[in-house]
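Hi,

Here is the structure I promised to pass on. My notes on what turned up in it follow right below.

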Amino acid sequence: MLRPAAALCALGLIASAPGLAAQGFSYAGIGLRTGFDSLAGTFPRSQRSDGYIYVSADEARHHIYGIEISGSGETRRVRLSFERRGEAGPPQYPGCAAVQRDLAGRFGEPTEVREFNEEAMERSDRRWQGETEELILICFRGTGGHLYAEAVLMYPRAPRRDR
């Protein structure tokens with residue numbers, strides 16, 4: 001016999017993990033509630049400047065090479081950049097599918113996938129919407145048509161205005 005939650009999932013009535021999203025989104029333990037000063041202590045050998053941490057290669061984890069935390073309250077933003085620059089050659093990025101799998105394992109499938117062109121770049125962003133926050137996995141089509149992950153962006157969700 002199916003348990004109630006399993007039955008709802010089987011019927012497709014639970015599309016994602018809203019309980020997790022209600023608690024807030026995060027990636028690699030970093031979310032909107034993460035304080036810049038406490039996070040900076042996690043990366044002592046990385047360079048810090050005006051709300052941005054340039055993560056050193058030896059301290060990088062989960063493909064994160066840049067962390068930007070700005071604003072507060074409704075204007076709070078956290079951007080985790082995956083761009084890895086070597087001493088020579090083009091920047092490197094993880095595959096979009098790998099990062100999406102990690103996020104979907106915690107928050108369910110994205111609420112929306114939006115494909116569009118931004119300047120000369122083909123984008124394919126994945127959006128998760130929680131009760132109070134949103135998370136966007138910013139992906140782009142690169143060499144050979146492969147999708148790469150550029151960044152994860154988290155911000156507060158605009159309050160609903162009931163009519």
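Cys96 is buried, with a relative accessible area of 1%, where buried means under 20%, exposed over 50% and partly exposed anything in between (1.4 Å probe, protein chains only). A disulfide joins Cys96 to Cys139, with an S to S distance of 2.0 Å; the rule for calling one is a pair of cysteine sulfur atoms within 2.5 Å. The link of Cys96 and Cys139 is right-handed, with 75 degrees about the S-S bond. Cys96 sits in helix α4 (residues 96-107) and Cys139 in strand β9, so the pair ties together distant parts of the chain, 43 residues apart. Searching the whole structure turns up one disulfide.

Before you go further: this is a predicted model, where local features need pLDDT of at least 70, side-chain atom pairs count only at pLDDT 80 or more, and totals for chains, interfaces and linings use all residues. Residues are numbered from 1 along each chain as its sequence is written, and side-chain values use heavy atoms, with hydrogens and water left out.

Now the overall layout. The chain has four helices and 10 strands, taken from DSSP runs (helices H or I, at least four residues; strands E, at least two) and numbered from the N terminus. Along the sequence the pattern reads α-α-β-β-α-β-β-β-β-α-β-β-β-β. There are 163 residues in the chain, and 37% of them count as buried. Of the contacts (heavy atoms within 4.5 Å) with a separation of 6 or more, 44% come from residues 24 or more positions apart. The chain exposes about 10100 Å², with carbon and sulfur atoms supplying 48% of it; the areas are Shrake-Rupley values with a 1.4 Å probe, and for residues only the protein chains shown count as cover.

On to the charged pairs. How many salt bridges are there? The count comes to 11, using a side-chain nitrogen of Lys or Arg within 4 Å of a carboxyl oxygen of Asp or Glu. Three of them are worth a look on screen:

- Arg157 and Glu134 form a salt bridge, with the closest N and O atoms 3.6 Å apart. This pair links distant parts of the chain, 23 residues apart: Arg157 lies in the segment after β10 (147-156), Glu134 in strand β9 (residues 133-141). Arg157 is partly exposed at 32%, while Glu134 is buried at 8%. Both also belong to a network of salt bridges with Glu112 and Arg127.
- Arg45 and Glu59 meet through their side chains at 3.7 Å, N to O. Arg45 is in the loop between α3 (36-42) and β3 (47-49), and Glu59 is in the loop between β4 (52-54) and β5 (66-70), 14 residues apart. Arg45 is exposed at 57%, whereas Glu59 is buried at 9%.
- Glu83 and Arg85 form a salt bridge with the closest N and O atoms 2.6 Å apart. Glu83 is partly exposed at 26% and Arg85 is exposed at 60%.

Gly24 counts as buried at 12% relative accessibility. Leaving out residues up to four places away in sequence, Gly24 touches Arg33, Phe107 and Glu133. Gly24 and Leu135 are 111 residues apart in sequence, yet 9.3 Å apart in space, C-alpha to C-alpha.

Cheers
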